[in-house]
Amino acid sequence: MDQTKTPLFTGLVEHARRNPIQFHIPGHKKGSGMYPEFREFIGQNALSIDLINIAPLDDLHHPKKIIKEAQDLAAEAFGADYTFFSIQGTSGAIMTMIMSVVGPGEKIIVPRNVHKSILSAVIFAGAIPVFVHPVMDPNLGLAHGITTDSVRNALKQHPTAKAVLVINPTYFGVSANLKEIVDVVHEHGIPVLVDEAHGVHIHFHDDLPMSAMQAGADMAATSVHKLGGSMTQSSVLNVREGLVSANRVKSVISMLTTTSTSYILLASLDTARKQLVLHGKEMMDHVLELANHTRSEINSIPGLYCVGEEILGSAATYDMDPSKLIIQVRGIGLTGHQVEVWLREKYNIEVELSDLYNILCIVTPGDSILTVTTLVQALRELARIQLGKESIKPLTVHLPKIPDLALSPREAFYAETELVPLREAAGHIMAEFIMVYPPGIPIVLPGEMLTQDNIDYIIENLEAGLPVQGPEDESIEMIKVIKRNPAIR
């Protein structure tokens, strides 16, 4: 196919230039009916293509024209049989993957360090998750990938599992041996689903981890907006047919997708695909050069450590994406959150996320030597200030134990519940999520037995100022647990 074409974006622009009189939604009608200050800020061009699924523009739910052509081009670009555009973000694509292959009472093998959207899909589907524990990094306080052996063991213990889900790469850019895992799973005749939220760019450069489609996976939910140049909330779902039915996938994604689809988001997927195919290699050459330079500079700063290829070599750290800068800051006696706040207040720098011990910064094609130099300069100043204090004491890493699953997440989510104080909840079964977002990986989830170790870790994150969320009580003082009904005498 001609990858220089952008049929969806081009079709929208041509339609806007015809300037038809609109008697359809959206009601702002090219911006004329909206608040003037917002209209002026957004701009006439953007508003002119904020359109709806009228006949000339195709329909995402039943694409036959420009949307179908754009999706076909994307499928070729990613090496998939089919590509479906998602304007529900990668969360919507992930839910589609899971709900396409598992149903009520059926098992799916998943890593425990998954995004909340995966567990939400498990609840919606009524599936039973078989958790595989990821390999924990005791130095960084992070979870990496799952190993081939752990997948093999899970399949042996649960031979009726309908699918295996893998994260590739993790939020922090680390990959397991995906090709090996795919081969093992396929020996059992079931599909591999890949959460590729942080890996759209890896398909387009040989020095980056292998992509899901390159590894032979059956489905991959891929965030184009995160690192591929499209607009926020736009992603793709890549499908290889065989162990998965593309028609089933199409039906499920349609059920989960709004009928008022955003053509601005769809057009940004179309143009991002073109840029990745035509210029992805050179764009990532630029990114890797900047990232490696930045990593080297940060590692010259006393008290700081930026993770590099030295962590590779284990079964769970098979490869890594160097554009993710994991910067450990506990050596200067501060939490990641404190560093995040300082960078914001002193240098107007916003990081991707922070936790108790690290900050994560992402280098993309939108960066320059100026942006990364400013980051290094800021970190150098902060380290100098901190290490000049007599009371400096490096923080100790605390890794909580993963709680045991006592009920399926769906059973727990819909069970009769009661509120108890968080500090007194040890031994109770959770009925809601508690997580730090980002990254959105639950500390505890519905159905898991809360331990004192988990409670201490939640409180530690709260006291550090990190964005703990999930419970209905936003103060996190009270949490919902499964109600204990005493025996009737």
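The largest nonpolar core of this predicted model comprises 35 residues, of which Met-97, Ile-98, Ile-108, Leu-165, Leu-193, Met-219 and Leu-237 touch the most other members; such a core is a set of buried Ala, Val, Leu, Ile, Met, Phe, Trp, Tyr and Cys residues joined through side-chain atoms within 4.5 Å. The largest share, 7 residues, is supplied by α5, a helix in the sense of a DSSP run of H or I of at least four residues, strands being E runs of at least two. Leaving aside neighbours within four places in sequence, Met-219 is in contact (heavy atoms within 4.5 Å) with residues including Met-97, Leu-193, Leu-237 and Val-249. A second, separate core of 32 residues includes Leu-290, Trp-342, Val-372 and Leu-375.

Across the whole structure, 4 aromatic pairs were found, with ring centres of Phe, Tyr or Trp (its six-membered ring) within 6.5 Å and planes classed as stacked under 30 degrees, edge-to-face over 60 and tilted otherwise.

Residues are numbered from 1 along each chain as its sequence is written. Local features require pLDDT of at least 70 and side-chain atom pairs pLDDT 80 or more, whereas totals for chains, interfaces and linings use all residues, and side-chain values use heavy atoms, without hydrogens and water.

Methods: Buried means under 20% relative accessible area, exposed over 50%, partly exposed in between (1.4 Å probe, protein chains only).
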